[in-house]
Amino acid sequence: MTYILGIETSCDETAASVVLDGKTIVSNIVASQIDLHARYGGVFPELASRAHVEAIGAVVEQAVHDAGIGFDRLDAIAVTRGPGLVGSLLVGVNYAKGLALATGKPLLGVNHLEGHVYSLWLTEPSREIKFPVVILIVSGGHTELLLMEDHGQYERLGGTLDDAAGEAFDKVGRLLGLPFPGGPNIERAAQMGNAVAFRFPRAKRDESYDFSFSGLKTAVMREVIVPSASGDTRSRRADKAPPKLRSDVSISDVAASFQEALASALVDKTVRAAKSYNATEILMAGGVSANQALRQKMRAESSLPVRYPPLHLCTDNAAMIAAAGHYRFQAGLRNKLDMDVKPMWPLTSDAYEK
Ligand code: KG4
Ligand code: ZN
């Protein structure tokens, strides 16, 4: 019986969790900062690190307490080392180091993207995952298409060339005057909308497994905003304050058509990759994998099984960090107490490098 404590502070959730044997969540605490950042329409890094500092002690204590064990029963402490906001990462990593020093437990630095991957190992542990699998990670900061051939063995097939999928949702949400975060609010608006009302650009028909969402964002902008006196919509930026919306355009129709176009791009390339690499199944993870339209489309267009986490494991959490930490622990990896943070850390086959 291996108990791993996971700690996650890479972005806007302060989270801690205890996971048993890499697959059973014993406790899972997430203190979200969404309300704090909603006022600014996005994550505000300075505020994020301060909020992590305030929350982390109580969140970790609660996770260990809820697990019904003491710190002495833990086998290791896993913490998100990157990628993410440097100030936020430092809060979690420094806390984990202090804890490792005080308890004498090994420290494990986990890649946040690998954490999202391992949320799938917590999803339906009784149905074993057989390699190779193709994994689509879609979150606020990342859009990554990966081939996973074994634990810790990744090949990056492609990713976004500009905005991440969640970022596109958030920018378009802001453009449409919807609250932050855009993803769930666009999904809600889309439920009453017509997904074929607008034909927005989809995936490029090229051989690559890369994505680009900035053209889609611009196309949405052209449909919905009142052109300036010069008739130019291009000079306006979707990531600034919302411009004036046309009153004759249905927000729900735009939301539904945007969601359809974005999902179609993700699904086309993921399904094609899964076929060419003989994957046994398609795995999806990250905040955007909570999207029902995306899930349905992936299931409808793939002849392979499709697996995605329950909603509370799609968005950032520490159970996934503990689960990823478990496999690092089993592989004999340990990090030193002077471990640095890695704000930019692509997930590649050297994820297990020291
Ligand atoms: O994985 P996550 O919690 O944080 C990052 O690591 O970035 O993902 C957050 C992102 C946000 O951009 C949010 O708008 C998006 O996930 N998201 C969704 C949905 N729920 C969250 N996007 C589409 N549909 C949803 N239901
Ligand atoms: Zn994430």
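Start by selecting ligand 1 and the 20 residues around it; those that come nearest are Gly140, Asp170, Gly183, Glu187 and Gly287. Keep in mind that this is a predicted model.

Next, show the helices. α4 (112-118), α5 (165-175) and α6 (182-190) each supply at least two residues of the shell.

Zoom in on the oxygen atoms of ligand 1. An N or O atom in the side chain of histidine 112 is 3.3 Å from one such oxygen, and a polar side-chain atom of histidine 116 lies 3.4 Å from an oxygen of the ligand. At glycine 141, a backbone N or O atom lies 3.3 Å from a ligand oxygen. On its own, ligand 1 has 570 Å² of accessible area, and the protein covers 89% of it.

Now leave the ligand for some backbone details. Most peptide bonds are trans, and most residues other than glycine have a negative phi. Select proline 83, in the loop between β4 (76-82) and α3 (86-103): the peptide bond from glycine 82 to this proline is cis. Then select proline 132, between α4 and β6 (133-138), where the bond from phenylalanine 131 is also cis, with omega near 0 degrees.

Finish at aspartate 21, in the loop between β2 (13-20) and β3 (24-32). Aspartate 21 has a positive phi of about 55 degrees, although it is not a glycine.

Definitions and conventions: Residues numbered from 1 in each chain as written. Chains lettered and ligands numbered in written order. Predicted model: local features only at pLDDT ≥ 70, side-chain atom pairs only at ≥ 80, totals over all residues. Heavy atoms only, no water. Near = heavy atom within 4 Å. Polar contact = N/O pair within 3.5 Å; in protein donor to acceptor, adjacent residues only side chain to side chain. Areas by Shrake-Rupley, 256 points an atom, 1.4 Å probe, with all protein chains shown as cover. Helix = DSSP H or I, 4+ residues; strand = E, 2+ residues; numbered from the N terminus.
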